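This report describes one protein chain. Look at the sequence and the model first, then read the sections in order.

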Amino acid sequence: MGAAKPILGYPSRTVAVVAMHGDGQSHGEIANAINDALPEGEMKIGVERVESLLKSGVRAVKRGGLGHIAASTRGGFRAQRIKEDIVSGFAPASSKRGIAIEVLLNSLLEVVLQDDLIDAILDDGVSDE
(Lines give C-alpha, C1' and ligand atoms only; values in the text may rest on other atoms or scores of the structure.)
Protein backbone atom coordinates (compact mmCIF):
# COMPACT_ATOMS: atom_id res chain seq x y z
CA MET A 1 0.00 0.00 0.00
CA GLY A 2 1.40 3.38 -0.98
CA ALA A 3 1.29 6.66 0.87
CA ALA A 4 -2.03 8.48 1.15
CA LYS A 5 -2.71 10.83 -1.76
CA PRO A 6 -4.82 13.80 -0.67
CA ILE A 7 -7.58 14.72 -3.14
CA LEU A 8 -10.61 17.05 -3.16
CA GLY A 9 -9.94 18.19 0.40
CA TYR A 10 -9.75 14.64 1.75
CA PRO A 11 -6.59 13.11 3.21
CA SER A 12 -6.69 10.18 0.76
CA ARG A 13 -8.50 8.81 -2.27
CA THR A 14 -10.06 6.10 -0.13
CA VAL A 15 -11.55 8.64 2.27
CA ALA A 16 -12.79 10.70 -0.69
CA VAL A 17 -14.46 7.67 -2.30
CA VAL A 18 -16.15 6.56 0.93
CA ALA A 19 -17.37 10.08 1.72
CA MET A 20 -18.63 10.78 -1.80
CA HIS A 21 -20.36 7.41 -1.91
CA GLY A 22 -21.96 8.25 1.43
CA ASP A 23 -23.18 11.51 -0.11
CA GLY A 24 -25.01 9.46 -2.75
CA GLN A 25 -22.68 9.96 -5.71
CA SER A 26 -22.41 7.15 -8.25
CA HIS A 27 -19.15 5.37 -8.91
CA GLY A 28 -18.91 7.13 -12.27
CA GLU A 29 -19.47 10.54 -10.67
CA ILE A 30 -16.80 9.80 -8.07
CA ALA A 31 -14.30 8.69 -10.72
CA ASN A 32 -14.99 11.84 -12.76
CA ALA A 33 -14.60 14.14 -9.75
CA ILE A 34 -11.31 12.53 -8.74
CA ASN A 35 -10.00 12.53 -12.31
CA ASP A 36 -10.85 16.21 -12.69
CA ALA A 37 -8.83 16.99 -9.57
CA LEU A 38 -5.75 14.92 -10.47
CA PRO A 39 -2.53 16.74 -11.30
CA GLU A 40 -1.51 16.90 -14.97
CA GLY A 41 -0.03 13.60 -16.13
CA GLU A 42 -1.33 11.51 -13.23
CA MET A 43 -3.08 8.30 -14.26
CA LYS A 44 -6.87 8.57 -14.28
CA ILE A 45 -8.99 6.11 -12.32
CA GLY A 46 -11.96 4.13 -13.57
CA VAL A 47 -15.12 2.86 -11.95
CA GLU A 48 -13.33 -0.41 -11.11
CA ARG A 49 -10.74 1.49 -9.06
CA VAL A 50 -13.49 3.42 -7.28
CA GLU A 51 -15.16 0.12 -6.38
CA SER A 52 -11.85 -1.24 -5.09
CA LEU A 53 -11.20 1.87 -2.98
CA LEU A 54 -14.75 1.72 -1.63
CA LYS A 55 -14.34 -1.93 -0.57
CA SER A 56 -11.04 -1.06 1.09
CA GLY A 57 -12.66 1.89 2.84
CA VAL A 58 -15.60 -0.18 4.07
CA ARG A 59 -13.17 -2.69 5.56
CA ALA A 60 -11.31 0.16 7.27
CA VAL A 61 -14.55 1.55 8.69
CA LYS A 62 -15.42 -1.89 10.10
CA ARG A 63 -12.00 -1.90 11.81
CA GLY A 64 -12.78 1.50 13.33
CA GLY A 65 -10.91 3.70 10.84
CA LEU A 66 -11.96 6.44 8.43
CA GLY A 67 -13.64 8.76 10.93
CA HIS A 68 -15.89 11.50 9.56
CA ILE A 69 -13.48 14.41 9.67
CA ALA A 70 -10.44 12.54 8.45
CA ALA A 71 -9.10 9.06 8.32
CA SER A 72 -5.37 9.35 8.59
CA THR A 73 -2.71 10.60 10.94
CA ARG A 74 -0.73 11.55 7.84
CA GLY A 75 -0.69 15.17 6.82
CA GLY A 76 -2.07 16.48 10.10
CA PHE A 77 -5.37 14.62 9.94
CA ARG A 78 -6.87 12.63 12.79
CA ALA A 79 -9.90 10.34 12.78
CA GLN A 80 -12.89 11.63 14.75
CA ARG A 81 -16.23 10.06 15.61
CA ILE A 82 -19.23 12.27 14.94
CA LYS A 83 -22.79 10.96 15.04
CA GLU A 84 -24.16 10.30 11.56
CA ASP A 85 -27.31 12.36 12.11
CA ILE A 86 -25.17 15.38 13.03
CA VAL A 87 -22.90 14.96 10.02
CA SER A 88 -25.79 14.49 7.61
CA GLY A 89 -27.34 17.70 8.94
CA PHE A 90 -24.52 19.58 7.22
CA ALA A 91 -25.28 18.04 3.81
CA PRO A 92 -27.48 20.90 2.53
CA ALA A 93 -24.85 23.54 3.38
CA SER A 94 -22.01 21.52 1.87
CA SER A 95 -24.03 20.73 -1.24
CA LYS A 96 -24.95 24.39 -1.72
CA ARG A 97 -21.23 25.24 -1.61
CA GLY A 98 -20.20 22.34 -3.83
CA ILE A 99 -17.86 20.87 -1.21
CA ALA A 100 -17.74 17.67 0.80
CA ILE A 101 -19.27 17.62 4.26
CA GLU A 102 -15.85 16.88 5.73
CA VAL A 103 -14.38 19.96 4.05
CA LEU A 104 -17.24 22.12 5.38
CA LEU A 105 -16.78 20.78 8.92
CA ASN A 106 -13.04 21.41 8.80
CA SER A 107 -13.69 24.99 7.63
CA LEU A 108 -16.26 25.59 10.38
CA LEU A 109 -13.99 24.23 13.09
CA GLU A 110 -11.09 26.32 11.82
CA VAL A 111 -13.20 29.52 12.01
CA VAL A 112 -14.47 28.62 15.49
CA LEU A 113 -10.89 28.25 16.70
CA GLN A 114 -9.45 31.27 14.85
CA ASP A 115 -12.20 33.59 16.07
CA ASP A 116 -12.28 32.09 19.59
CA LEU A 117 -15.99 31.30 19.34
CA ILE A 118 -16.27 28.17 21.48
CA ASP A 119 -17.57 29.93 24.62
CA ALA A 120 -19.97 32.12 22.64
CA ILE A 121 -21.40 29.18 20.73
CA LEU A 122 -21.76 26.83 23.71
CA ASP A 123 -22.99 29.57 26.07
CA ASP A 124 -22.62 27.14 28.99
CA GLY A 125 -21.07 29.55 31.52
CA VAL A 126 -17.62 28.01 31.17
CA SER A 127 -14.83 30.33 30.02
CA ASP A 128 -11.12 31.03 30.42
CA GLU A 129 -11.79 33.94 32.78
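## Helices

Read along the sequence, the pattern of the protein chain is α-α-α-α-α-α-α. The chain has seven helices and zero strands; both are DSSP runs numbered from the N terminus, with helices being H or I over at least four residues and strands being E over at least two.

## Basis of the model

This is a predicted model, in which local features need pLDDT of at least 70 and side-chain atom pairs count only at pLDDT 80 or more, while totals for chains, interfaces and linings use all residues. Residues are numbered from 1 along each chain as its sequence is written, and side-chain values use heavy atoms, with hydrogens and water left out.

## Confidence

The pLDDT is the predictor's confidence in each residue, from 0 to 100. Its mean over the protein chain is 81, and 81% of the residues reach 70 or more. Over residues 68-76 the pLDDT is below 50. Beyond near neighbours in sequence, this stretch has 24 contacts in the model (heavy atoms within 4.5 Å).

Among the elements of the chain, helix α2 has the highest mean pLDDT (94), and helix α4 (residues 84-88) the lowest (83).

## Burial

Of the 129 residues in the protein chain, 27% are buried. Buried means under 20% relative accessible area, exposed over 50%, and partly exposed in between (1.4 Å probe, protein chains only).

Which residues of helix α2 are buried? In this helix (residues 27-37), they are Ile30, Ala31, Ile34 and Asn35. They lie on the same side of α2, because they cover an arc of only 130° around the axis, taken from the directions from the helix axis to the C-beta atoms.
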